[in-house]
Amino acid sequence: IYLRRTKSGELEGQLPMKYEHPPILVSLGKEQQRVYETIVTQVKNNEMGGLQAIQKLKMLCSHPGLIDNEYKHIKANRVPKLAKTLDILQEIKSKDEKVLIFTEYIEMQGILKKEILMKYNVEAPIINGSTGHRQQVVDQFNSSSGFGVMILSPKAAGTGLTITGANHVIHYTRWWNPAVENQATDRVYRIGQEKDVHVYYPIVEAEGTRKTVEEIIDEVLTAKKSLAENVIVPSKGDSIEKEVLSEMSELVH
């Protein structure tokens, strides 16, 4: 017999509403599409393993510069996912509210920081495994007034931080474990939060019937999250990777 305590049950009436918005679908940029097809061809020709391809395609969907230095400095409007994220930030800025952006890729964190500084003249602090004085960074962010952005690694910031100064969360890159992703979101959705929380998932979609790695990851994580809400199940990243690989079997045949 299990006695299960959930946040929604234990803190009912003590927290505002949390809205998980439907996936925001964006296309691949021309450069991304070109590299995507190259990786798919390498898999078909047995020049690259399936799991390695998934990792590379996941990075590519975030930004082509993560796997090819030639594209590291291309303009944001040539990476639709990045451009759409900046549009979401514009909406949040119009409300004079704050937002957290989660991505596991250190290089992507730097790209986001640069683009946000260029477009909004806002210095976005970064919290990842190498960040010192994390609490000091968080305290300063929470206490500052008006629009603000913080960029975080989901694993490094998944526990122990209360960032209720923000009430928007963008999962720019999906984490393999939905429990870790939920913990990341809960940096803002906790006691002390006074505003409704909004969660966004920009997802790269493919043209035609074939799905991108991001679409498949989103489907698998959504199913895992639904299962976890109804029964007690362990969730391991490696098993999710294998499920995604199975779903993408058309790439290797």
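## Overall composition

The protein chain contains nine helices and eight strands. The model is a predicted one. Of its 253 residues, 47% count as buried. Among contacts between residues at least 6 apart in sequence, 76% join residues at least 24 apart.

## Packing of α2 and α3

Two packed helices are described by the angle between their axes and the distance between the axes. For helix α2 (residues 30-44) and helix α3 (residues 50-62), the angle is about 175 degrees and the axes are 10 Å apart. Helix α2 is therefore roughly antiparallel to α3, since angles over 145 degrees are classed that way. On the α2 side, the contact is made by Gln32, Val35, Tyr36, Ile39 and Val43. On the α3 side, Ala53, Lys56, Leu57, Leu60 and Cys61 take part. Sorted by class, the residues of this contact are eight nonpolar, one polar and one charged.

Leu57, located in helix α3, is buried, with a relative accessible area of 1%. From C-alpha to C-alpha, Leu57 and Glu37 are 9.9 Å apart in space, while 20 residues separate them in sequence.

In soluble globular proteins, nonpolar side chains tend to be buried together. The largest nonpolar core in this model has 48 residues, and the members that touch the most others are Leu89 and Ile116. At least two residues of this core come from each of β2 (24-26), α2, α3, α4 (80-94), β3 (98-102), α5 (106-120), β5 (148-152) and α8 (213-230).

Leaving out residues up to four places away in sequence, Ile116 touches Leu86, Leu89, Ile101, Asn121, Val122, Ala124, Val149 and Ile151. Another core, of 20 residues, lies apart from the largest one; Phe141, Leu152, Ala184 and Val197 are among its members.

## A buried arginine

Arg174 is placed in the loop between β6 (168-171) and α7 (178-185). The relative accessible area of Arg174 is 5%, so this residue is buried, the limit being under 20%. The side chains of Arg174 and Asp218 make a polar contact at 2.7 Å.

With residues up to four places away in sequence not counted, Arg174 touches Lys58, Glu104, Glu181, Tyr201, Ile203, Ile217, Asp218 and Leu221.

## Positive phi at two asparagines

Most residues other than glycine have a negative phi. Asn46 has a positive phi, near 60 degrees, and is not a glycine. This residue is found in the loop between α2 and α3, the two helices whose axes are 10 Å apart. Asn46 is exposed, with a relative accessible area of 69%.

Asn121 also has a positive phi, of about 55 degrees, without being a glycine. Asn121 lies in the loop between α5 and β4 (126-127). With a relative accessibility of 66%, Asn121 counts as exposed, the limit being over 50%. Asn121 is also one of the residues touched by Ile116.

Key
Residues are numbered from 1 along each chain as its sequence is written. This is a predicted model: local features need pLDDT of at least 70, side-chain atom pairs count only at pLDDT 80 or more; totals for chains, interfaces and linings use all residues. Side-chain values use heavy atoms; hydrogens and water are left out. Axes are lines fitted to C-alpha atoms, for helices over the stretch in contact, and angles run from 0 to 180 degrees between N-to-C directions. Helices (H or I, at least four residues) and strands (E, at least two) are DSSP runs, numbered from the N terminus. Angles under 35 degrees count as roughly parallel, over 145 as roughly antiparallel, 65 to 115 as roughly perpendicular and the rest as oblique. Contact means heavy atoms within 4.5 Å. Ala, Val, Leu, Ile, Met, Phe, Trp, Tyr, Cys and Pro count as nonpolar, Asp, Glu, Lys and Arg as charged, and the others, Gly among them, as polar. A nonpolar core is a set of buried Ala, Val, Leu, Ile, Met, Phe, Trp, Tyr and Cys residues joined through side-chain atoms within 4.5 Å. Buried means under 20% relative accessible area, exposed over 50%, partly exposed in between (1.4 Å probe, protein chains only). A polar contact is a pair of N or O atoms within 3.5 Å; within protein, one must be able to donate a hydrogen and the other to accept it, and residues adjacent in sequence count only if both atoms are side-chain atoms.
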